[in-house]
Amino acid sequence: MSDTEFIKNKVRDILEMLDVEADIEVSEEETAIKANIKGEDLGILIGYHGETVYSLQTILALANFKKSG
């Protein structure tokens, strides 16, 4: 499984746990993997001053690092 597929699956799992419906597009850039989440009422993903989205980035980075070694 590629890194982009892995990240897309993890984002989908997290959104399901939060009961959030959204479209997920994941692309690989030179130095990063970019996940674009589109939908309505996504404020829950941003959180207060972006704390939730920052935490989501950290969780995904750690999960991908653990998978890759």
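Which side chain meets K38 in a salt bridge? That would be E25, with 3.8 Å from N to O. Keep in mind that this is a predicted model; its mean pLDDT is 92, and 100% of the residues reach 70 or more.

**Confidence**
- Strand 1, covering residues 23–28, comes out with the highest mean pLDDT among the elements, at 95.
- At the other end sits helix 2 (residues 43–46), which has the lowest mean value, 88.

**Salt bridges**
- Searching the whole structure turns up two salt bridges.
- One of them pairs D3 with K67, and here the closest N and O atoms are 3.0 Å apart.
- D3 belongs to helix 1 (residues 3–17) and K67 to helix 3 (residues 51–68), so this bridge ties together parts that are 64 residues apart in sequence.
- K38 counts as partly exposed at 43% relative accessibility, and E25 is partly exposed with a relative accessible area of 43%.

**Helix 1: length and faces**
- Helix 1 runs for 15 residues and reaches 21 Å from its first C-alpha to its last, close to the 21 Å expected at 1.5 Å a residue.
- Its buried residues are T4, F6, I7, V11, I14 and L15.
- Look down the axis of helix 1 and those buried residues fall within an arc of 165 degrees, so they line one face of the helix.

**Helix 1: partners and what follows**
- What do the buried residues of helix 1 pack against? They pack against strand 1, strand 2, helix 2 and helix 3.
- Helix 3 therefore meets helix 1 in two ways: it packs against the buried residues of helix 1, and its K67 bridges to D3 of helix 1.
- After helix 1 comes D19, and its phi is positive, near 60 degrees.

Terms used: Residues are numbered from 1 along each chain as its sequence is written. This is a predicted model: local features need pLDDT of at least 70, side-chain atom pairs count only at pLDDT 80 or more; totals for chains, interfaces and linings use all residues. Side-chain values use heavy atoms; hydrogens and water are left out. pLDDT is the predictor's confidence in each residue, from 0 to 100. Helices (H or I, at least four residues) and strands (E, at least two) are DSSP runs, numbered from the N terminus. A salt bridge is a side-chain nitrogen of Lys or Arg within 4 Å of a carboxyl oxygen of Asp or Glu. Buried means under 20% relative accessible area, exposed over 50%, partly exposed in between (1.4 Å probe, protein chains only). The expected span of a helix is 1.5 Å times one less than its number of residues. The arc is that of the directions from the helix axis to the C-beta atoms. Contact means heavy atoms within 4.5 Å.
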